[in-house]
Amino acid sequence: MNFHVMTLFPEMIENAMGHSIIGRAMKAGYVSLEAVNIRDFADNKHNRVDDYPYGGGAGMVMQAEPVYRCYEDIINRMECPESSFPRVIYLTPQGRVFDQDMAREYAGEEELIFLCGHYEGVDERVLNRIVTDYVSIGDYVLTGGELPALVMMDTISRLIPGVLNNDDSAETESFADSLLEYPQYTRPAVWQGEEVPSVLLSGHHKNLQEWYRRQSVIRTAQRRPDLLKKADLTPEEQELVQEIIEGMTDKQTTRVE
Ligand code: ADE
């Protein structure tokens, strides 16, 4: 996967991507990243890339030309035919809300271009010209698109084969089958008087798998019942979910943990 990020803050992108699992994936060549500074494509001696909005109003708007030139620079270096130009993702609270299914789809691309806006927005004309996907990371407003782009690149990268050590861990984790992941425990077996569930010490494969599945269903019913609409549950599991939901007070269903 090759990520190309158009931004006014390239160091922010490079620094954040250089660590931990993603940093290792970049060194190993599973992921590459270039952060291109939109300011380098300004056409004035002050390197300004924003201006006042037509019609008035608060804040400044990023100009079309530097953004377009930055995009052209990336595309020209790629040397690919127009028919296979990469998707261009513009990070905006007005976009489709990012989720794990979208991450899986993006992980299948070879190249992805991100456009990080700042100020009050980006001139609509360049957005219409280059953007293929409008994506939000949630219903709140950030100061720019860099953090959302990083969130997306982190989520997408770990789905690329070879990036995680254990190939399984992207399969059994939260949101696989629209269920949350079961709880995890490690040594010691007794911590401050609390024991690890005995099935985890039993080494009995079938019982373990059943326990994992049941815990995932319980956890999802307790914390994210909205996800269960898409989950494929057995009749017994549906009954279990019903019992949990009926047993919960309103406070529990909306509790943030
Ligand atoms: N830019 C500002 N807020 C954003 C959000 N919630 N998602 C994506 N891009 C943004």
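## Helix packing and salt bridges: worked exercises

Helix α9 (residues 205-223) packs against helix α10 (residues 235-247) at an angle of about 40°, and their axes are 9 Å apart. Keep in mind that this is a predicted model.

**Exercise 1.** Work out how α9 and α10 are oriented to each other, and which residues in α9 meet α10.

*Solution.* 
- Start from the angle of about 40°. Angles under 35 degrees would count as roughly parallel, and 65 to 115 as roughly perpendicular; α9 and α10 are therefore oblique to each other.
- Next comes the hand: the crossing of α9 and α10 is right-handed.
- Now list the contacts. From α9 come Arg213, Arg214, Val217, Ile218, Ala221 and Gln222, which meet Glu237, Leu240, Val241, Ile244 and Ile245 of α10.
- Sorted by type, the residues of this contact are seven nonpolar, one polar and three charged.

**Exercise 2.** Explain which parts the salt bridge of glutamate 109 with arginine 87 ties together.

*Solution.* 
- The closest N and O atoms of this pair are 3.0 Å apart.
- Glutamate 109 sits in the loop between α4 (100-107) and β6 (111-115), and arginine 87 in strand β5 (residues 87-97), so the pair ties together parts 22 residues apart in sequence.
- Finally, follow the shared partners: salt bridges join Arg87, Glu105, Glu109 and Asp133 into one network.

Note on methods:
Residues are numbered from 1 along each chain as its sequence is written. This is a predicted model: local features need pLDDT of at least 70, side-chain atom pairs count only at pLDDT 80 or more; totals for chains, interfaces and linings use all residues. Side-chain values use heavy atoms; hydrogens and water are left out. Axes are lines fitted to C-alpha atoms, for helices over the stretch in contact, and angles run from 0 to 180 degrees between N-to-C directions. Helices (H or I, at least four residues) and strands (E, at least two) are DSSP runs, numbered from the N terminus. Angles under 35 degrees count as roughly parallel, over 145 as roughly antiparallel, 65 to 115 as roughly perpendicular and the rest as oblique. A crossing is left-handed if the near helix is turned anticlockwise from the far one by less than a right angle, and right-handed if clockwise. Contact means heavy atoms within 4.5 Å. Ala, Val, Leu, Ile, Met, Phe, Trp, Tyr, Cys and Pro count as nonpolar, Asp, Glu, Lys and Arg as charged, and the others, Gly among them, as polar. A salt bridge is a side-chain nitrogen of Lys or Arg within 4 Å of a carboxyl oxygen of Asp or Glu.
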